[in-house]
Amino acid sequence: TKASKSMLSNYELTSDTITNSGSGYVSLELEKYYLTVTIQAVVTKLSGTAGGTVTLQGSNDGTNYETVPTSYVTKYLGLSSSASSTFATSNQTTNTCLFVISGSPFEYYRVSYTGSGTMSATMTAKLVAK
């Protein structure tokens, strides 16, 4: 069984807009256990000098989130991979990262983005589970 869905903001939108050093997130509830969960996070610069940090978070109650332990996560940026639940964005038009979670330790996942500097950017994320 597979699940493939866009993660949603707290306003039920498929993206969240972050300005300056503000933060935002998109999230999704998994309705059952999956062996592997892959989340593609995309930050798109709208204006200014974009930067900041994207963090993969998990929860079992949908309210209290924590950073997903790196023992569950492989992060893919381009051709390189590492065990990490975060990635730093740079002043590019688009920043993309894949997080692959083995063992699906949480029922809820969210991708949080905290901006830096004088900027505006949108964040989206898609989740595929199998």
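Before you click on anything, a word on charges: Lys and Arg count as positive and Asp and Glu as negative, while His and the chain ends are not counted. The place of a charge is taken as NZ of Lys, CZ of Arg, CG of Asp or CD of Glu. With that in hand, the protein chain has 8 positive and 7 negative side chains, and the centres of the two sets lie 13 Å apart.

What you have open is a predicted model, where local features need pLDDT of at least 70, side-chain atom pairs count only at pLDDT 80 or more, and totals for chains, interfaces and linings use all residues. Residues are numbered from 1 along each chain as its sequence is written, and side-chain values use heavy atoms, with hydrogens and water left out.

**Stop 1: the whole chain**

Show the protein chain as a cartoon. How many helices and strands does the protein chain have? The count is 0 helices and 12 strands; these are DSSP runs numbered from the N terminus, with helices being H or I of at least four residues and strands E of at least two. Read from the N terminus on, the elements go β-β-β-β-β-β-β-β-β-β-β-β. The radius of gyration of the protein chain is 14 Å, close to the 14 Å that the globule rule gives for 130 residues, so the chain is as compact as a globular protein of that length. (That radius is taken over C-alpha atoms, and the rule is 2.2 Å times the number of residues to the power 0.38.)

Turn the view around a bit. Along the principal axes, the C-alpha atoms fill a box of roughly 40 × 35 × 25 Å. The accessible surface comes to about 6600 Å², and 48% of this belongs to carbon and sulfur atoms; such areas come from the Shrake-Rupley method with a 1.4 Å probe, and for residues only the protein chains shown count as cover. Of the 130 residues, 42% count as buried, where buried means under 20% relative accessible area, exposed over 50%, and partly exposed in between (1.4 Å probe, protein chains only). As for contacts (heavy atoms within 4.5 Å), residues 24 or more positions apart account for 76% of those with a separation of 6 or more.

**Stop 2: strand β4 and its partners**

Select residues 36-48, which make up strand β4. Two strands pair if DSSP finds at least two bridges between them. β4 pairs with β10 in the antiparallel sense over 9 bridges. Pick out T38, which stands opposite V100 in β10, then V42, which stands opposite T96. Look for S47 here, whose bridge partner in β12 is S120.

**Stop 3: I101 in β10**

Select I101, found in strand β10, residues 94-102. Is I101 buried or exposed? I101 counts as buried because its relative accessibility is 0%. Leaving out residues up to four places away in sequence, I101 touches L35, T36, V37, I39, L56, Y72, V73 and Y109. V73 is the bridge partner of I101. Strand β7, residues 73-77, and β10 pair in the antiparallel sense over 4 bridges.

**Stop 4**

Move on to G103, found in the loop between β10 and β11 (108-115). G103 is partly exposed, with a relative accessible area of 27%. Which residues does G103 touch, not counting those up to four places away in sequence? They are Y33, Y34 and L35. G103 and Y33 are 70 residues apart in sequence, yet 8.4 Å apart in space, C-alpha to C-alpha.

**Stop 5: strand β9**

In a regular strand the side chains alternate between the two faces of the sheet. Select residues 86-89, strand β9, to see a covered face with F87 and T89 and an uncovered one with T86 and A88. Strand β5, residues 52-59, runs antiparallel to β9, and 4 bridges join them. V54 stands opposite F87 here.

**Stop 6: two positive phi angles**

Most residues other than glycine have a negative phi. Go to E12, in the loop between β1 (3-6) and β2 (16-19). E12 has a positive phi of about 65° although it is not a glycine, and at 59% relative accessibility E12 counts as exposed. Finish at N20, in the loop between β2 and β3 (23-29). Phi of N20 is near 55°, again a positive value in a residue other than glycine, and N20 counts as partly exposed at 32% relative accessibility.
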